[in-house]
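The sequence and structure come first.

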Amino acid sequence: MSDARQLIRSVQQALSDIDEQIRHHPFPDLLSQGHASVDSLKCFPGHQYHIVTSDVRSFALLVSRFGDSPSREFFMGVLQGEREGMDHLLVMAHRLDMTEGDLSAYEVTAQGFAYATFMAHQALYASAAEVVLGLLVNFAAWGHNCARTSRALRQRYGFSEADTAFLDAFAHMPSFESAALEIIQDGLDRGDSPTRVHRGARLFQAYEKMFWDAMANGVTAE
C-alpha cells in the first residue's frame with residue numbers, strides 16, 4: 001500500500017493551506033458571535049437540500065459504474081449516508097420554519113452549488129480512486145466545520161441535538177482511510193494517473209471553500 005499511502009500524504013501536504021482556510025473559515029464564527037439573523041440561517045439548509053439531492057444521484061451513479069469493483073461497498077455506504085442525511089436536514093429546516101416545498105423552491109447561488117456540480121462531474125467521468133481520495137481529504141475538513149457550526153447553533157440559537165443531527169453525523173463520521181487506501185491502490189495498480197487523482201482532490205477542496213464563502217456571504221448580506 002506504500003504508493004497509495006504516499007500519494008494520500010503528498011496530497012494532504014500539498015493542500016494543507018486551503019485545508020486550514022476551510023477549517024478556520026469565518027462562517028461558524030459569525031454564528032457563534034450571533035451575527036446571523038434567524039432568517040439568514042436558512043441559506044444553509046436551503047443550499048444543502050439541493051446539494052444532497054444532487055449527491056444522492058451522483059453516488060447512485062458511482063455505485064452503478066463501480067458495482068463490481070473494490071469500491072462498491074464504500075460508495076453504497078456513502079449513498080446510504082446521504083439518504084439518511086436528507087431526513088436529518090428536513091428536521092433542521094423545520095426548526096427554521098422551512099417545509100420541504102420551501103427547500104425545493106430555494107434558489108441556490110452558483111458559488112454555493114458549485115461543489116455538487118463538480119461531484120456530479122466526478123461521478124460521471126472520474127475513476128473510483130479520484131473520487132475516493134478527494135472525499136478522504138474533503139470530508140475531514142467538512143466534518144470539522146460541521147462540528148463548529150453545530151456547536152454555534154446550539155449555543156447561540158437554541159438548536160437541539162435533533163436539530164443539528166445533520167451536522168453532527170458528519171462531525172462524528174468514523175475514519176475511512178483504510179478503505180480508501182485499498183480503493184486508491186487498486187486504481188493506481190490499474191493505471192490511474194496520480195496527477196489526476198491529485199487534481200480531483202484539489203478541486204474538491206476549492207469548491208468546498210466556495211460553499212462556506214457562500215454561507216458567509218449569505219449571513220453578511222443581512
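## The second largest cavity

Helix 3 (26-32), helix 4 and helix 8 each contribute at least two residues to the lining of the second largest cavity. The model is a predicted one. The space in this second largest cavity is about 50 Å³.

Its lining consists of Phe27, Leu31, Leu41, Phe44, Pro45, Met92, Leu96, Thr149, Leu153 and Phe159. Sorted by class, that lining has 9 nonpolar residues, 1 polar residue and no charged ones.

## The largest cavity

The model has 2 cavities of 30 Å³ or more. The largest cavity has a volume of about 170 Å³. Two or more residues of its lining come from each of helix 4 (43-65), helix 8 (128-157), helix 9 (165-171) and helix 11 (194-220). Helix 4 provides the largest share, 5 residues.

In total, 15 residues line the largest cavity, and Gln48, Ile51, Asp55, Tyr115 and Trp142 lie nearest its centre. The lining of the largest cavity is made up of 10 nonpolar, 2 polar and 3 charged residues.

## The largest pocket

The largest pocket holds about 370 Å³ of space. Its lining has 17 residues, with Gly77, Gly81, Ala169, Phe170 and Met173 nearest the centre. Helix 5 (72-95) and helix 9 are the elements that give two or more residues to this lining. Helix 5 gives the most, with 8 residues.

By class, the residues lining the largest pocket are 9 nonpolar, 6 polar and 2 charged.

## The second largest pocket

The second largest pocket contains about 210 Å³ of space. It is lined by 14 residues, of which Leu136, Phe139, Ala140, Met173 and Ser175 are the closest to its centre.

Helix 8 and helix 9 each supply at least two residues of the lining of the second largest pocket, and helix 8 gives the most, with 5 residues. The class counts for this lining are 8 nonpolar, 4 polar and 2 charged.

## A nonpolar patch on the surface

Leu61, Leu124 and Tyr125 form a nonpolar patch on the surface. Together they have about 290 Å² of accessible area.

Leu61 belongs to helix 4. Leu61 counts as partly exposed because its relative accessible area is 31%, which lies between the limits of 20% for buried and 50% for exposed.

Conventions
Residues numbered from 1 in each chain as written. Predicted model: local features only at pLDDT ≥ 70, side-chain atom pairs only at ≥ 80, totals over all residues. Heavy atoms only, no water. 1 Å grid on protein atoms, 1.4 Å probe; cavity = no way out; pocket = protein on both sides within 12 Å on 5 of 7 lines; lining within 4 Å. Points joined across faces, edges and corners; volume = space filled by probe spheres on them. Helix = DSSP H or I, 4+ residues; strand = E, 2+ residues; numbered from the N terminus. Nonpolar A, V, L, I, M, F, W, Y, C, P; charged D, E, K, R; others polar. Patch = residues over 30% accessible without salt bridge, like charges linked within 9 Å, V, L, I, M, F, W, Y side chains within 5 Å. Areas by Shrake-Rupley, 256 points an atom, 1.4 Å probe, with all protein chains shown as cover. Salt bridge = Lys/Arg side-chain N within 4 Å of Asp/Glu carboxyl O. Buried < 20%, exposed > 50% of the residue type's maximum accessible area, 1.4 Å probe, protein only.
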